[in-house]
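Hi everyone, thanks for coming.

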Amino acid sequence: MQTTFSLFINGQAVQGDRDAFPVINPATEEAFADCPAASPEQVDQAVAAAAEAFKTYQHTPDAERKAMLHKIADLIEANAEELARLVTLEQGKPLALAQMEVGGAIGWTRYTADLDIPVKLIEDSPERLVELHRKPLGVVGSITPWNWPLMIAVWHLMPAIRTGNTFVSKPSSFTPFSTLKLVELINQVVPAGVANIVTGEGGIGRAMTSHPNIQKIVFTGSTPTGQDIMRKAADNLKRLTLELGGNDAGIVLPDADLDKVAPAIFQTAFLNMGQTCAALKRLYVHESQYDDLCQRLAKIASEQKVGPGLDEGVTFGPVQNKAQFDLVSELVEDAKAQGGQILSGGAPLAGAGYFYPPTIVAGLSDGVRLVDEEQFGPVLPVVRYSDIDDAVARANNNVNGLGGSVWGTDIEAARKVASRLECGTAWINNHAEVLPHCPFGGCKMSGFGLEFGEEGLLEYTAPQLLNISRG
């Protein structure tokens, strides 16, 4: 497996100007490799290379751009084993889940390759022909988080390539290697300067978000960082796609079949150890089934095998970093102090690694930090309700609005409840499912802009109206 990595600027592998920094394996709390660190000057070089490449790349025929993405997908597939191991080492998730992430990256790249950029006919009359075309924006800046490092990079970068833009990527310093490897593979296919990547901290992200020659920022991460990006983007009116924090609520209706929904609720709440923006993060259950469902969820939690992601049979890996690990611990301790009942887990595991077992907390209500705040980790508060209108009001009484779900047997009744949720995606008998053909985005403080499908693709373009006079 590759152990040394480089930045890529103008098609060339380059070393960082600053001292390399260690990347920690969260299963051991020890460094397993050093990552190059860019300087703000290298950000300028990367943006300049992307801007120069854009002059010609924007005119690349559509069929050629599609073919490039298919070649990139082939390269991801050829390097799937190495990429999956990198994801597990740097992010911590079990290898099987990392393999699914790589598989998703391949599938998403192929789907994006085959998307067409539409031309909308506005008028076709004896007087005029009017068409709405879509043109690339220029240099796209991508800033990605540590929870799905390869997949989210693919979500950001492949639409940019497909639509004729060039890019500069900055992955999280917690999980840089799978993205560095991805951009290395992309550079085997695209012209020099189209795909650039810089890593490190010390102003690298700020240099991108305020850069006058970056036309769009795509950011997945925390709401406070998204707000800061939005402020800095104002200077040159950068286009923005911001997928920010979520505190997704799920509502279980009284007619739900617990045999069916309990395993699905657990999987969607604890996907990637709960470190998923659109994971189910607070669950409202009707009083008639509350105790039964709580016990079922606790039983599933107790059956998980917690350990290093590369170990055989592990189903549950570590929290990715110490700060997040400490936050999860803090929220659980606060929940205990507020009368929460720990039905499973509830304390860090002894020994090395940021291991926190899947934790179910009953007996809480709104107003407790674990319910009101995004935990982004392996803890699920389960809240009792008696009136569905009250449950909907409580689900909506949050600054976030990424996703939400309703669980029940009567689909039409569930649909009526789901339509009342204030969120970008409302699932019925599911949660956290994202698909390449389904537009995805948030509302309220969870951001704006769409990813995926034609709607997501067009976020990387600017409309241009072509008005042809026939008079």
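One term before we start: I'll call a residue buried if its relative accessible area is under 20%, exposed if over 50%, and partly exposed in between, with a 1.4 Å probe and protein chains only. Keep in mind that this is a predicted model, where local features need pLDDT of at least 70 and side-chain atom pairs count only at pLDDT 80 or more, while totals for chains, interfaces and linings use all residues. Residues are numbered from 1 along each chain as its sequence is written, and side-chain values use heavy atoms, with hydrogens and water left out.

Okay, aromatics. Rings of Phe, Tyr and Trp (its six-membered ring) pair if their centres lie within 6.5 Å; planes under 30 degrees apart are stacked, over 60 edge-to-face, and the rest tilted. The structure has 11 such pairs. One of them is Trp 108 with Trp 155, tilted, at 5.3 Å centre to centre and 55° between the planes. Trp 108 sits in helix α4 (residues 95-114) and Trp 155 in helix α5 (residues 149-162), so this pair ties together parts 47 residues apart in sequence.

Next, Thr 199. You'll find Thr 199 in the loop between β9 (195-197) and α7 (204-209), and it is buried at 1%. A polar atom of the Thr 199 side chain lies 2.5 Å from the backbone oxygen of Pro 36. Beyond four places in sequence, the contacts of Thr 199 (heavy atoms within 4.5 Å) include Leu 7, Cys 35, Ala 37 and Ile 204.

Now, how many disulfides are there? With a disulfide being two cysteine sulfurs within 2.5 Å, the count is 0. Take Cys 277: the closest cysteine sulfur, in Cys 443, is 15 Å away, too far for a bond. Cys 277 is buried at 9%, and Cys 294 is buried at 3%.

Last, a sheet. Strands pair if DSSP finds at least two bridges between them. Here three strands form an open antiparallel sheet in the order β5-β6-β22, with β5 (120-124) and β22 (461-469) at the edges. Between β5 and β6 (residues 128-136) there are 4 bridges, and Asp 124 has Leu 129 as its bridge partner in β6.

Notes. Helices (H or I, at least four residues) and strands (E, at least two) are DSSP runs, numbered from the N terminus. A polar contact is a pair of N or O atoms within 3.5 Å; within protein, one must be able to donate a hydrogen and the other to accept it, and residues adjacent in sequence count only if both atoms are side-chain atoms.
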